[in-house]
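Biologist: I'm new to this one and would like to learn how to read it. Could you walk me through a few features?

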Amino acid sequence: MHDREEPRRSPRTELPKSPTGIQGLDEVTWGGLPKGRPTLVVGKAGSGKTLLGMEFLIYGALEYGEPGVLVSFEEPVEDLIQNVASLGYDLNDLIAKDLLVIDHVEISRSDIIETGEFDLEALFIRLGYAIDSIGASRIVLDTIESLFSGFTDTTILRAELRRLFFWLKNKGITAVITGESGEGTMTRHGLEEYVSDCVIHLDHRVDEQISTRRLRVVKYRGSVHGTNEYPFLIDEAGISVLPITSTGLAHTVTRERVSSGVGELDAMFEGEGFYRGSTIMVAGTAGTGKTSFGASFVQAACLRGEKCLYFSFEESPDQIVRNMQSIGIDLAPHIESDLLEIQSSRPTMYGLEMHLVMLLKEIRQKQPEVVVIDPLTDLIAIGTTKDVKVMLTRLIDYLKTNRTTALFTHLVHSREEGAPSDLAVSSLIDTLIRLQYVESAGEHNRGLYILKSRGMGHSNQIREYRITDNGIELADAYVGHAGMFMGTARFVQEAKDRAELEARREEIALRQRELERKKRIMEGQIAVLQDEFASYEESLRREIQTEGRRQRSADAEMQAIRRLRMPEDSDDDRRVHLAGRRTEEER
């Protein structure tokens, strides 16, 4: 059996594209719209079609040197210029520099005579003149329904639609044609999406009084593209699209540590605090001081000279500043020095995805080193747990890619010990700190412990903390054998332990003194015995000496008596004997 030979492929050729310059859209389309081909932008009224087409022309003229033509079949030129001026763009200046032509074509029933030979040749001539007058590379037709509003013969309408798209394509100009969505269909006439090389659908949906804008690339001939729905934002800066393709798990990390703002808490993390660029969640029941921990973290970052962005969903900036001043955390100087910016809004102001777009837009513009979201829980009011988790995943991926250290506070409704989070987002968080009330001896006390901390050693102790006039203070852990005590019970137990320790010390000291006394008595007795021993030894020695002398005297006398009993001894012998006797006596 022979191996199958793989067919030889030609080098891959990228489809030429025209970048739109719109934040995020070029990432979704992998480079922009098909160059020299028509793109259909379809959506209901108010979905942002005209604005997308207008920004496509403005960015093309300003950033890519491609002049453009806008042909409006609905709005007068003056209205368009005025509308775009609110975004900070001066269309009159672009027109004066021959970078833009705006033409308003009013279509009325009387302008169209439907005969079997009728076509849009006059419009093509008008478009061709506008394009050639400035050498335009881009054109926007807004909207196609207005252009064909006078047609009642669907056969003619579909033929002219096809001719229009083919004319634009043959002209080699990058075109954006806007169109209205149909009822149950992509477009009104059901043909536009087939003759377009690229189709982008804009959706503006309202769910439970919360609006959300989404964008989807329905088709893109000759090119890969993002296929999901992407939330997008329209604000004073225009359109911002959040592409999922820009997020992922390819971010790099650092071993640098940053302080939590509470020295005793840093000590629980090997004395160095959190990893820079990590995500921290402070979860706890109401009143446990979550915002105080967030403010402490922000103050420490500002004191290091780092920019901070604080998103609050419950309190206004002034309220946060006032409340934190009451516990010795003064954020006002950091706001005045532009190191800290607090943005407050109600969660219901935007949809969940819009919140994500808004947050990322602010983070992208401000480029902070530290971000605090307080509390994250309020977002669940405008989305399901699953939606919040998806939203958080996108946000966290973006923050980690930019090495932005983020602290989230989270309101826990359950007082069950060990419950990490009602949102089940703990898997997305690097460091999870649990705050909770501990009831004992008829009082409430605050307790803190670390549930998890990726890549860092951390204490497993439950630490009591107090919110004082000087900020957050963690009490030393009670390490006694009697278990965990907090508050008054802790002070009582510590006093009892100290009393027991003092009693044991006094008992030991007493026994030591008794030992010394016995030692001195023993040493005295030993001295007496030694004296008695020495006296006895001396007495015995004297007796021995006396006995020796007595014995020698007796021996001498015996010698003298023996000689007296021996007469034959000469005088010389007696003299010798007497001399020896005298010597013995002298001894």
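Biologist: Let's start with polar contacts. Which side chain does the side chain of T143 make a polar contact with?

Modeller: Keep in mind that this is a predicted model. The partner is E74: the two side chains make a polar contact at 3.3 Å. T143 sits in the loop between β6 (138-142) and α6 (144-147). Leaving out residues up to four places away in sequence, T143 touches F73, E74 and T178.

Biologist: Is T143 buried or exposed?

Modeller: The cut-off for buried is under 20% relative accessible area. T143 has 2% relative accessibility, so it counts as buried. S345 counts as buried because its relative accessibility is 16%. Its contacts, setting aside neighbours within four places in sequence, are S312, F313 and H355.

Biologist: On to salt bridges. How many does the structure hold?

Modeller: There are 22 salt bridges. In one of them, the side chains of R257 and E270 meet at 2.6 Å, N to O. R257 lies in strand β12 (residues 257-258) and E270 in the loop between α9 (263-268) and β13 (274-275), so this pair ties together parts 13 residues apart in sequence. R257 is buried at 16% relative accessibility, while E270 is partly exposed at 45%.

Biologist: What about K400: which residue does it form a salt bridge with?

Modeller: With D430, where the closest N and O atoms are 2.9 Å apart. K400 belongs to helix α14 (residues 385-401) and D430 to the loop between β18 (405-411) and β19 (431-440), so the bridge links parts 30 residues apart in sequence. K400 is buried, with a relative accessible area of 13%, and D430 is buried too, at 9%.

Biologist: And within a helix, why might residues three or four places apart point the same way?

Modeller: An α-helix has 3.6 residues a turn, so residues with that spacing point the same way. Here, E547 and R550 are 3 residues apart in helix α15 (residues 487-564), about one helical turn. Their side chains meet in a salt bridge of 2.3 Å, N to O. E547 is partly exposed at 38% relative accessible area, and R550 is partly exposed at 45%. Elsewhere, salt bridges that share partners join E256, R276, R304 and E306 into one network.

Biologist: Last one: how many residues of α10 are buried?

Modeller: 13 of its 14, so α10 is mostly covered. Helix α10 (residues 290-303) reaches 20 Å from its first C-alpha to its last, close to the 20 Å expected at 1.5 Å a residue. Just after α10, G305 takes a positive phi of about 85°.

Terms used: Residues are numbered from 1 along each chain as its sequence is written. This is a predicted model: local features need pLDDT of at least 70, side-chain atom pairs count only at pLDDT 80 or more; totals for chains, interfaces and linings use all residues. Side-chain values use heavy atoms; hydrogens and water are left out. Helices (H or I, at least four residues) and strands (E, at least two) are DSSP runs, numbered from the N terminus. The expected span of a helix is 1.5 Å times one less than its number of residues. Buried means under 20% relative accessible area, exposed over 50%, partly exposed in between (1.4 Å probe, protein chains only). A polar contact is a pair of N or O atoms within 3.5 Å; within protein, one must be able to donate a hydrogen and the other to accept it, and residues adjacent in sequence count only if both atoms are side-chain atoms. Contact means heavy atoms within 4.5 Å. A salt bridge is a side-chain nitrogen of Lys or Arg within 4 Å of a carboxyl oxygen of Asp or Glu.
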